[in-house]
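Thanks, everyone. Let me put the model on the screen, and then I'll walk you through it.

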Amino acid sequence: MSSLVPFWFIVIAFLWTGFFILEGFDFGVGMLHDLVGTDDAGRRAAINTIGPLWDGNEVWLIVAGASMFAAFPGWYATMFSAFNLALVLILVALIARGLAFEYRGKRDAVRWRRSWDVALIAGSFLAPLLIGVALGDLLHGLPIDSAQNYTGSFWELLQPYGIFTGVTLVLVSALHGATFLSLKTTGELHERAGLLARRVAPFTGALVVGFIIWTHVTHTNAFFLNTIELLAILAALAAVWLVYERRAGFAFAATTVTIASCIVSIFVGLYPSVMVSSTNAAFDLTARNTASAPYTLKVMSVVALILLPLVLAYQAWSYYVFRRRVSRSDFQPNASPAPQSR
Amino acid sequence: MTNVDLARWQFAFVTINHFFFVPVTIGLAFLTALLQTAWYRTKRDEYLRLTKFFGTLLVINVAIGVVTGLVQEFQFGMDWGAYSRLVGNIFGAPLAMEGLAAFFLESTFLGLWLFGWDKLPRLIHLLTIWAVSLGTVLSALFIMAANSWMQHPLGFVMVHGKPQLNDIWALFTNPVFLWAYAKVLLASLVTGAAVMLAVSAWQLRHGRDRDVFVRSARMALIVLVPAILFTLLVGDELGVIEARYQPMKIAAAEAQWKTCQPCSFSLFQIGGGNNDHTPTQILEIPHLLSLLATNHWNGKVIGLTPLQHQYTAKYGPGYYVPNVFIQYWSMRAMAYLGVVVLLIGVWGLWLIRRKKLATSRRFLWVAVWAAVLPFLMNTGGWLLTESGRQPWVVQGIMLTKNGISPSLPTTWIAISLGVFVAVYAVIATVDLLLMLKYSRRPLQPARADADYDAPVPAVQY
């Protein structure tokens, strides 16, 4: 078997990690926009920090899913079938969020906007929670038979470790969003985002430590944490400290490393499996026994190696274009007329 | 209902809904890019105002295309696990390429275009909308390559009874793909142009900004007429290709149970369906089916009954005839409405020539309602293509009933179907209301050029 199988495992892990780094703060902004902005102008300002970016960030999830389909069809088939109903909920959450961004400002009515605010908040909580449950379950193990089919019920998806993973990711996303907001806003929004970050940070730090230890004991008997698990704990603690030191830029860097290393630690714990079977260890789905045809992996490697750097380049450029901080005053009703009212 | 029936209903429901928004996006992205190019070249305010006006409509649709696209991407694994497992190494590849090449491009550059009015130089900003348009066109390319592989699978070898990709280029040189892709792009242009025409016509009927909306109406017509003409021609050629690789599909579209040569085409029929092999066919046009299916005046079309015998001999016992009623009528709905759209378009061109486009109230009324037709045509086309492939999910390789996730409880599929129907009903309602609202909004004044440097963010949300 070719070495492209582990390579594609890394690509999948990279895509999920990229998704959480980017969409993580989108989720956080969605959860917190109502607390950071106390009036409509403030809320709009908060939402507009991610306005041009969230859509491109969400594509990371689509590409992660599609890449699993192409590179590990067996993994994609088992996982997506097992999480069928959970995925319906995830999709509803993501749909609610996406529509809230686009449609909130389309009508100037208080009830309309408040309804979409609720959709945005609910969707932003639910999505990382449920995706976290799903990722946690991969490592914890689910009832899977010898034919790689899920045999459990819906409730068996709610494993304690999975739920803890979900809750951790919600809190990490919240902190990530708060540090992002405090980096991207000015004045009172900046202040309140910092305040929220300080409120959330201790809980996030504690959960990350708990999550890493639980992850560690789930996949190994070794005593010492591996590098990535250590990194996650250090980054989380650093994030807490930097939030209290009010170093917005470094705090955001620290939450970025935290969320990334949490996701990576799940995938590192998984490998060489991709889905653990709680029925029988012999039924584990592995990178090898779910991998696509070698020729497909070769083709996809060429495509990914050409396109991914390009994608990273133009996404980075779009972040550069929209680097300016957003102010509440930009969205005051009596401010200069908007060039494009959406 | 069995699991397979429920899952098929779900897939059809979700996909047909998705494809209401996709062609609008492909078509309007291109037309908006054309408008902005006109503004870039002429620097005339009306083109800028139109760009922003139709750009807003584009964005409303992209939002829905994106969120319903998520469902599209996930549902193969959710309900069709056995299918995903068997053909993921082939079918999954163009899907992943679509994400990498098209979705990132489309979404990132849409953000740049939408929020970049004040932040990017004029030329770069123009290029961002073209990048969006390129993204939509690439997206269709990969998804059509994947779908065409299901219609006419090639580029693989069977290894232990499982298809394994061995030639990726075969997917992109598949004759079904080449013609179906051309058809989808043209149909999208028709849809986008029809929407633009309808909106312009409504505005003209209400006497708003005549000199501006007459420009967009004219542009829409100039795109619409050749696009619908070529859609019909390409559709005809696609029929010939499909008759070659999927003879059941075309024989069912004519409810042709017996082999015929030459074959006539019936305009209508009474009765029909899979249990009525002798429907009353009305207004038969001699030789037309031969022409449509084979490009030859006296071409032979093998009937459904002999095909069924061939298939049972080849694939074993089973019923291989698709739903004849759906085939017969979806094909006719598509073709007849296509001709209606063509006639409306030609009428519009004639009015342009007579310089009466902005004043012919009868035409403007018809043009508003004509926007419905491309959506019906698109749906008819997909029903013809997808239902005509049944009972196969991948022609000759896997039956639809074998593609479903084996361990899925019926209640799960029923629940997810219910949830999607409810959510999509909300989405469609909101989209329709917003499209109507923003289509009827007066055209916004253009800002003075000096404003472009003002430190005002492009407020969007």
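**A bent helix and what it touches**

Start with helix 3 of chain B: it has a kink of about 90 degrees, centred on B:Gly88. The bend at a residue is the angle between two fitted axes, one for the seven residues ending there and one for the seven starting there.

Two words on the source. This is a predicted model, where local features need pLDDT of at least 70 and side-chain atom pairs count only at pLDDT 80 or more, while totals for chains, interfaces and linings use all residues. Residues are numbered from 1 along each chain as its sequence is written, and chains are lettered from A and ligands numbered from 1 in the order in which they are written.

Back to the helix. Helix 3 of chain B runs over residues 81–115, which is 35 residues.

Buried is 20 or more other C-beta atoms within 10 Å of a residue's own, exposed is 12 or fewer, and partly exposed is in between, with C-beta atoms placed from the backbone.

**The interface**

Now the two chains together. On chain B, 66 residues are in contact with 68 residues of chain A. Contact means C-beta atoms, placed from the backbone, within 7 Å. Which elements of chain B supply at least two residues each to that side? They are helix 2 (45–79), helix 3, strand 2 (162–165) and helix 14 (410–439). Helix 3 of chain B gives the largest share, 23 residues. By class, this side of chain B has 41 nonpolar, 18 polar and seven charged residues. For the classes, Ala, Val, Leu, Ile, Met, Phe, Trp, Tyr, Cys and Pro are nonpolar, Asp, Glu, Lys and Arg are charged, and the others, Gly among them, are polar.

Helix 5 of chain A (residues 84–103) packs with helix 2 of chain B at about 170 degrees, axes 10 Å apart. So the two, helix 5 of chain A and helix 2 of chain B, are roughly antiparallel. The cut-offs: under 35 degrees is roughly parallel, over 145 roughly antiparallel, 65 to 115 roughly perpendicular, and the rest oblique. Axes are lines fitted to C-alpha atoms, for helices over the stretch in contact, and angles run from 0 to 180 degrees between N-to-C directions.

Who meets whom? From helix 5 of chain A, the residues include A:Leu87, A:Leu91 and A:Leu94. From helix 2 of chain B, they include B:Val59, B:Ala63 and B:Phe74. This contact has 14 nonpolar, two polar and one charged residues.

A:Ala304 also looks across to chain B. It sits in helix 12 of chain A (residues 294–321). Leaving aside neighbours within four places in sequence, A:Ala304 is in contact with A:Val11 and B:Leu100. A:Ala304 is buried, with 24 other C-beta atoms within 10 Å.

Most residues other than glycine have a negative phi, and most peptide bonds are trans. Chain B has exceptions.

First, cis bonds. One joins B:Gln261 and B:Pro262, with omega about -5 degrees. B:Pro262 lies in the loop between helix 8 (247–253) and strand 3 (265–270) of chain B. Another joins B:Gln390 and B:Pro391, with omega about 5 degrees. B:Pro391 lies in the loop between helix 13 (372–387) and strand 5 (392–394) of chain B.

Next, positive phi. B:His287, not a glycine, has phi about 70 degrees. B:His287 is in the loop between strand 4 (280–285) and helix 9 (288–294) of chain B. B:His287 counts as partly exposed, with 15 C-beta neighbours inside 10 Å. B:Lys355, also not a glycine, has a positive phi of about 55 degrees. B:Lys355 is in the loop between helix 11 (324–353) and helix 12 (361–370) of chain B. B:Lys355 is exposed, with 9 other C-beta atoms within 10 Å.

Technical notes:
Helix = DSSP H or I, 4+ residues; strand = E, 2+ residues; numbered from the N terminus. Expected span 1.5 Å × (residues − 1). Contact = placed C-beta atoms within 7 Å.
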